There are 2 protein chains.
Amino acid sequence: MEVEAKFKVDNLSEIEERMGNAEFVIEKVEEDAYFNHPCRDFRETDEALRIRRDIEGIKITYKGKKIDPETKTREEIKIKVDDFDKAFKLFEKLGFTLAGWVKKKRKIYRYGEALICLDHIEDLGSFVEIEIESDDVEKAKEKIFEIAEKLGLSREKIIRASYLEMLRDVADTR
Amino acid sequence: MEVEAKFKVDNLSEIEERMGNAEFVIEKVEEDAYFNHPCRDFRETDEALRIRRDIEGIKITYKGKKIDPETKTREEIKIKVDDFDKAFKLFEKLGFTLAGWVKKKRKIYRYGEALICLDHIEDLGSFVEIEIESDDVEKAKEKIFEIAEKLGLSREKIIRASYLEMLRDVADTR
């Protein structure tokens, strides 16, 4: 289970200054292609399927529907693949349709068992994601909110929408 | 494009004796899980989706419908993945259903640009597949039939059914 909370922030460097002894992991550009299902609407079922390309490689990720009212906690299945274009074509051949692209610059820190992602999303702005992989959702949530408090991120700034959904909303209001 | 012809044989060693200067590549056990699509019937559309596990690794393969009346020629998209069980679960989550398993012992030889596979399929028997990856289907077919003739495989012994379909027929008549 991926237990995850996302916060809108104005200034990523402010957050970074409060990170204390968090350990820097990597800074990278992530390019995600999201797909919709050939016979069910992922916007309604709250699922997601994406192919991600970054400096570390290529991954296909399936995300189940969110199971917690506050966070973005959900089942996640991730597999590494060797070729982005072929994976893209495979899903197209299976009838999946491109739902959109999300491009971000992401800086990842490790803090205990949590990962803290400082994200800058193209056309959206800056966000912080704190995530823990665990099957004990309540315990993981508690830890996530402890870290969030330490970083000055209040529970009111939490966002459950995905970057893809937010980008869609931006496009709709243009 | 994968241009491929399959022949039923009684005795694989007889074929092997006629292989002359074909170069031995590998002998392995292949375990394939085939899936059906959540909203179209691959038996009707003549497509295939499988995950294969063997000593060389794990691959997801999509096969388009056969485009040649005689051979098994069809579009093929292949990606390498890092985890069989996760790939299996991913397709299940996407609504694909297991259509069946095919288990075979396969000995592969290279003969020029062709691959010759000597297959022993669990519950089915022995077969030879000759395949060339090429977009010039007619030229590739010509070469494949030249090789087949050399191996004593007559055009009448050609089979277009997949191992999965043949296994299904065997199960139906039991």
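Analyst: We begin with burial: a residue is buried if 20 or more other C-beta atoms, placed from the backbone, lie within 10 Å of its own, exposed if 12 or fewer, and partly exposed in between. This is a predicted model, in which local features need pLDDT of at least 70 and side-chain atom pairs count only at pLDDT 80 or more, while totals for chains, interfaces and linings use all residues. Residues are numbered from 1 along each chain as its sequence is written, and chains are lettered from A, with ligands numbered from 1, in the order in which they are written.

User: Which residues of H4(B) are buried?

Analyst: Helices (H or I, at least four residues) and strands (E, at least two) are DSSP runs, numbered from the N terminus. In H4(B), the buried residues are B:Ala140, B:Ile144 and B:Ala148.

User: Where do the buried residues fall when H4(B) is seen down its axis?

Analyst: An α-helix has 3.6 residues a turn, so residues three or four places apart point the same way. The buried residues of H4(B) fall within an arc of 75° (taken from the directions from the helix axis to the C-beta atoms), so they line one face of the helix. On the face turned away from that buried side are the exposed residues B:Glu138, B:Lys139, B:Glu142 and B:Glu149.

User: Against which strands do the buried residues of H4(B) pack?

Analyst: Contact here requires C-beta atoms, placed from the backbone, within 7 Å. The buried residues of H4(B) pack against strands S1 (2–9), S7 (114–121) and S8 (125–133) of chain B.

User: Which residues touch the most other members of the largest nonpolar core?

Analyst: A nonpolar core is a set of buried Ala, Val, Leu, Ile, Met, Phe, Trp, Tyr and Cys residues joined through C-beta atoms within 7 Å. The largest has 39 residues, and those touching the most other members are A:Val81, A:Ala87, A:Leu90, B:Val81, B:Ala87 and B:Leu90. Helix H3 (residues 84–93) of chain A gives the most to this core, with 4 residues. Leaving aside neighbours within four places in sequence, B:Leu90 is in contact with A:Ile60, A:Tyr62, A:Ile77 and A:Ile79.

User: How many residues does each chain bring to the contact?

Analyst: Chain B and chain A contribute 19 residues each. On the side of chain B that touches chain A, H3(B) supplies the largest share, 5 residues.

Definitions and conventions:
Contact = placed C-beta atoms within 7 Å.
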